Every structure is written in C-alpha cells, then in structure tokens.
Amino acid sequence: MRQALKGTVAVQVRPGGGLRGRCRVPGDKSISHRALILGALAEGDSAIEGLLDAGDTRATRRVMQALGVELEQANGALIVRGRGLRGLAPPAAPLDCGHAGTAIRLLAGALAGQRFASVLDGSAQLRRRPMRRVVEPLRQMGAQIVDTEGRAPLHITGAPLRGVAYRMPVASAQVKSSLLLAGLYASGPTVVLEPGPARDHTERMLRAMGVDVEIAEGCCVTLMPPERLRPLSLRVPGDPSSAAFVLVAALLAGVEDVTVAGVGVNPTRTGLLDILAAMGAEIDVTNPRDESGEPVADLVTRRAALRGTVIEGEWVVRAIDEFPALMIAALKAEGVTEVRGAEELRVKETDRIAVMAAELRELGAVIEERPDGFRIAGPQRLRGAVVDGHDDHRVAMALILAGLVAEGPTTVTDAACVEDSFPGFVETLRALGADVEQTPGD
Ligand code: S3P
C-alpha cells in the first residue's frame with residue numbers, strides 16, 4: 001500500500017488555524033519494535049495493547065512472521081505467540097525491514113546467536129545507513145556477519161556467542177539493544193558502556209521478562225544470559241517523539257491550551273521537554289503514572305514565548321529524533337539557537353541537518369549548517385512554498401509545522417512517509433484546529 005502511495009501524497013497547509021483541545025498520539029515506536037521481537041523470544045503468549053500500527057512496525061511484524069511467529073488480535077491487544085529463545089524458524093527468504101533502522105539493528109543482535117542463517121535487508125533508504133556500528137561489536141561476541149560495505153544487506157550465519165564488555169563510541173540505543181539481544185545467547189555476561197543516556201526501553205522490558213539486567217546509572221548495563229524469557233503483558237504509551245510535533249505545533253499556533261494525553265515520559269526520552277522549558281515554554285506534565293514499567297503523563301502546553309538556547313551534551317541524546325520539530329521552534333524563537341554534538345542527525349532516515357536546512361531555505365529561512373548541528377537566529381518570517389518531505393517521516397512532519405507558521409499556503413510533497421511513525425498526524429492536527437489537508441499529489 002505504502003509503496004503505491006509513495007511520492008503521490010502531498011499535504012497542504014495554511015496558516016491561521018488556531019490550535020486548541022486534547023488529543024492522543026500513536027503508540028511508542030521504539031517500545032513497539034522491542035515488544036514484537038522480545039515477545040517472540042518469550043515462552044508463552046505476550047499481550048500488547050496500543051502497539052504502533054505504522055510502516056516501521058509493520059515491517060517488524062512481517063519479519064517476525066517470516067521467523068515463524070504467530071501474531072493475533074484479541075480483545076484489543078496484539079497477542080505475540082512466543083516461541084522461546086531457541087524456537088524461531090529459519091527464514092525462507094531475506095528479511096525485509098523496510099525503512100526501519102531499529103528493526104534491522106535489533107534483529108541483527110537477536111539473529112546472530114541462532115542456529116540458522118538469515119539475511120537482513122531493507123529499502124534503498126535503509127541500505128544507505130551505517131551498520132558497522134552493530135556488526136563490529138557483534139563480531140567481537142563471535143557473530144558471523146557479512147555486511148555490504150558496512151551496510152545492509154547483512155548475511156548472518158548463526159554462531160555461538162560469548163559475552164563481552166563493549167564501550168559504545170556513540171550513545172545509541174539501537175547498538176546497545178542489539179548487543180543485549182545477542183547477550184541473551186552468549187556464554188557469560190554482556191556489558192555495554194554508554195557515553196550518554198540512550199533510551200532504556202530494552203533494559204526495562206528484559207527486566208519485566210525476568211532477566212537479570214543491572215544498570216549503573218548513565219554509564220553501563222550488564223546482562224546475564226537467562227534460561228528463558230517470561231511473556232509480556234504490556235500497554236504501549238503514546239510516543240513522545242510523535243507528541244513532540246503536536247507540542248511544537250501547539251506552542252507556535254495554539255490559541256488555548258493543548259493537551260496530549262497518555263505520553264511516555266521516560267527520562268531518556270524527555271530531552272525536548274527540557275529544551276523547550278529552557279527556551280521559555282511552559283508544558284505541564286500532569287497526571288503522572290506508571291504503565292507496564294514506563295512512566296506516562298498528560299502533557300499540557302501553557303505558554304509559548306520562546307527564546308533561543310544552546311543545545312548540547314545529553315540533551316542531544318535525549319531528544320535525538322526531535323530536532324526536525326525543534327528547528328521550527330528555533331525559527332520562531334527570539335534570539336539564537338545553536339545545536340552542537342548532533343552529528344548523528346546526519347545518519348538518520350536522511351541527513352536531517354542538510355535536508356531540513358535545504359527545505360526550510362525554500363520557505364525563506366536562514367540556517368547555518370554545521371558538521372555537528374546548526375545555528376538559527378530568530379525569529380524569522382517564513383513564506384509558503386512547495387517543499388519535499390524526502391520520504392523521511394520526521395522531515396515531512398516538521399515541514400508541515402513550518403507551513404502552519406508560514407505566510408501563505410505550503411505544500412509538502414512525498415509525505416506518505418508520515419505513516420512510518422504517526423498515522424493520523426494530519427487528522428490529529430486538523431481536529432485541533434489546524435488548516436491542513438492530505439491530498440493525492442503529482
Ligand atoms: C531508537 C534509537 C535511536 C532513535 C531511533 C529509535 C531505538 O537511534 O533515533 O529513532 O528505538 O532504539 P540510535 O540508537 O541510532 O541513536
């Protein structure tokens with residue numbers, strides 16, 4: 001379906017629709033990928049409520065099915081019929097991870113220690129992304145993986161693994177999780193040393209499944225290989241990375257409070273809230289609760305006079321997916337916003353520094369690109385134009401936000417990719433009062 005729509009979906013945005021009201025956002029993408037993979041390795045049925053049903057997680061579902069895992073919808077939950085650590089079936093064909101970097105990197109770890117061979121592959125976009133960051137440390141554990149000049153496809157020959165202590169050169173939750181998944185099959189403990197607080201959903205989920213995972217705050221994770229994994233009973237919170245786009249829209253175009261209900265507020269994911277607070281925004285974190293071992297809250301935007309700030313260090317790791325949205329906030333903030341140490345943005349679905357800067361220039365923005373970030377002096381006037389979403393969900397959504405605060409109409413082309421993480425984004429904004437509409441383009 002997605003393939004058929006590709007390049008033909010455009011989003012039309014007009015300024016002036018004031019936002020107000022309450023909404024929810026779809027389930028957390030990171031948690032959803034992990035629930036599908038870990039649920040498959042458990043002994044027994046896992047029940048997962050609120051799993052993200054989007055392009056990226058559909059790819060993971062298909063891969064798990066190709067590994068013999070049965071998935072079933074029952075009473076509003078997805079049931080993952082776990083096959084145990086050694087129960088996956090050898091796949092008959094290469095496993096297609098689509099655009100999903102999380103899927104391919106986590107699965108590389110999960111498949112490295114199996115007793116069968118497999119090939120992990122994905123879309124042309126995924127094939128451009130670096131895989132050595134997982135292949136190299138997995139090889140240190142004994143994995144037999146042949147990559148394609150450091151990229152997908154990855155040819156994996158299942159092999160016996162040993163635990164290692166690995167210091168990650170970049171704070172990456174995908175690398176950490178890949179090694180922890182391989183560590184389930186290793187002889188001896190696996191230790192991952194982190195240079196920054198990368199999201200910890202894998203650790204939380206493994207603990208809930210009965211695995212001995214020790215976390216020394218903000219520095220190292222130690223996993224002891226378990227005999228088995230207990231099944232999960234999980235409610236997936238709203239994705240804070242999706243909520244980010246609604247919150248920034250509300251701060252820039254809100255006429256009254258906007259509430260985003262049921263959002264995950266795991267501290268490894270709340271960098272954007274801290275950054276926006278430093279920029280002068282008031283976002284109340286209300287009704288805090290714990291759901292399936294993850295902190296959840298309702299977020300209410302109250303005040304929006306933004307000023308520029310410097311963003312570096314752990315804020316970058318804790319807000320890594322939120323920079324496209326943040327760029328729009330920076331363009332409308334008073335003063336200079338500078339981002340440093342964010343070179344990881346260049347190896348996401350697209351080079352998000354270059355692509356965002358180029359598209360925002362089409363709207364009249366002045367942005368200084370840096371190898372590891374950018375500098376924006378605000379506030380700036382934007383004028384509506386036709387811009388390209390580059391088949392990158394977060395770029396397309398950020399450009400829609402830019403359209404909300406530009407003068408005149410904006411068209412975002414190649415925007416079907418919004419469905420990769422936030423199906424219903426356009427409808428959600430419209431229900432809050434934005435003048436935005438999805439049309440078949442071209
Ligand atoms: C993710 C980790 C981050 C993030 C990605 C999802 C995850 O990537 O950008 O969208 O689910 O583990 P890195 O691990 O490469 O930083």
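Predicted model: local features only at pLDDT ≥ 70, side-chain atom pairs only at ≥ 80, totals over all residues.
Local features need pLDDT of at least 70 and side-chain atom pairs count only at pLDDT 80 or more, while totals for chains, interfaces and linings use all residues. Residues are numbered from 1 along each chain as its sequence is written, and side-chain values use heavy atoms, with hydrogens and water left out.

**View 1. Val347 in its loop.** Val347 sits between strand 21 (335-339) and helix 13 (352-362); helices (H or I, at least four residues) and strands (E, at least two) are DSSP runs, numbered from the N terminus. Val347 counts as partly exposed because its relative accessibility is 27%, between the cut-offs for buried (under 20%) and exposed (over 50%), using a 1.4 Å probe and protein chains only. Leaving out residues up to four places away in sequence, Val347 touches Arg129, Pro130 and Arg133, where contact means heavy atoms within 4.5 Å.

**View 2. An open sheet of 4 strands, in the order 4-5-3-16.** Pairing here is mixed; two strands pair if DSSP finds at least two bridges between them. Strand 4 (70-74) and strand 16 (233-235) are at the edges with a single partner strand each, so one side of each has no neighbour in the sheet. Strand 3 (residues 43-49) runs parallel to strand 16 over 3 bridges, and Ile48 has Leu234 of strand 16 as its bridge partner.

**View 3. Helix 12 (residues 323-332) packing with helix 14 (residues 393-404).** Their axes, lines fitted to C-alpha atoms over the stretch in contact, are 8 Å apart at an angle of about 20°, on a scale from 0 to 180 degrees between N-to-C directions. Helix 12 contributes Pro324, Ala325 and Ile328 to the contact, and helix 14 contributes Arg394, Ala398, Leu401 and Ala402.
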